[in-house]
Amino acid sequence: MGKLATEMLKGTLEGIVLAILSSRPAYGYEITAQLRDQGFSDIAEGTVYALLVRIEQRGLVDVEKVPSEKGPPRKVYSLNDQGREYLEEFWRTWSFLAERLEQLREGGN
Amino acid sequence: MATGSNEPKSRYLQYLEVVTGSLEEKKRYRHYKARIKQLPENYRIAVEAVERYLMHFGPADGAGAMAMYEDLADLFEQGAADRTPIRDIVGDDPIEFVEAFMANYPLGQYRARERNRFANAIARAAGETTPPQDRTE
């Protein structure tokens, strides 16, 4: 993943993570693994973790602590109603942005 | 919920905390330090490096800072339990990680003060009469 891709990913990572959580609850490592599978190979687990802390603070996800075989209990994140609303807004904004960029590429305005 | 019998002690504690800072926070910080000591060496070295950075640029003290250190310990304890390589936790650009992490917690006093000063100066320059909102949060 190049530098440009990393920069562009920054603004959209929150929406991407919420979209992943909209299909089913997951814990941090699962989310990072899924992102890597989808080609975001450079993503740091700590960066995803920081993002999860943020969306938890903003009340977009519910968190449940689940005991794990090894190590501390895992925090499992699930999208709540506020998060679903936020995700809808993210997709609307994304559509707007994608449409405008496509217009620019085609040389219209 | 102040009962009569508790009052002298709580007053004493109040006085003491003026002198020493919050005892509750000190206890939380000691607990965090003890957790870090338990980590395998390379994870501990990484956490201490993050901690040093946060001491410089992160929140100065208070409950917000304690929550930050506890979240930091959670991340590296989990990483150590999963044997996640350090690079996979902090990424190729550790600055990017630490800044994203730090952004979740209250600003350090120095940064908060300077941001206020800057926003106020611009408001004056723009001829605005209403004082801008306090941005210390």
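Which helices and strand of chain A, together with which helix of chain B, each supply at least two residues of the lining of the second largest pocket? In this predicted model, they are α2 (28-37), α3 and β3 (74-79) of chain A, along with α4 (63-82) of chain B. With five residues, α4(B) gives the most to that lining. Closest to the centre of this pocket are Tyr49(A), Pro73(A), Lys75(A), Asp74(B) and Gln78(B).

The largest pocket also draws on both chains: α1 (3-23) and α3 (45-57) of chain A and α6 (94-102) of chain B each supply at least two lining residues. Here α1(A) has the largest share, six residues. Nearest the centre lie Thr6(A), Lys10(A), Ile43(A), Thr47(A) and Glu96(B).

| Pocket | Volume | Lining residues | Classes in the lining |
|---|---|---|---|
| Largest | about 490 Å³ | 21 residues | 10 nonpolar, three polar, eight charged |

Now to a pair of helices in chain B. The axes of α2 (residues 23-37) and α3 (residues 41-57) of chain B come within 9 Å and cross at roughly 145°. Among the residues that meet there are Tyr29(B) and Tyr32(B) from α2(B), and Val47(B) and Met55(B) from α3(B). The residues of this contact comprise five nonpolar, no polar and five charged.

Back in chain A, an unreviewed UniProt entry places the feature "domain: Transcription regulator PadR N-terminal" at residues 17-89. Over this stretch the chain is 53% helix and 19% strand, with its end C-alpha atoms 14 Å apart.

Finally, Gly107(A) sits in the segment after α4 (81-105) of chain A. Gly107(A) counts as exposed because its relative accessibility is 59%, and exposed means over 50%.

Key:
Residues numbered from 1 in each chain as written. Chains lettered and ligands numbered in written order. Predicted model: local features only at pLDDT ≥ 70, side-chain atom pairs only at ≥ 80, totals over all residues. Heavy atoms only, no water. Axes fitted to C-alpha atoms, helices over the stretch in contact; angles between N-to-C directions. Helix = DSSP H or I, 4+ residues; strand = E, 2+ residues; numbered from the N terminus. Contact = heavy atoms within 4.5 Å. Nonpolar A, V, L, I, M, F, W, Y, C, P; charged D, E, K, R; others polar. UniProt positions renumbered as here; feature names shortened; annotations may be inferred. Buried < 20%, exposed > 50% of the residue type's maximum accessible area, 1.4 Å probe, protein only. 1 Å grid on protein atoms, 1.4 Å probe; cavity = no way out; pocket = protein on both sides within 12 Å on 5 of 7 lines; lining within 4 Å. Points joined across faces, edges and corners; volume = space filled by probe spheres on them.
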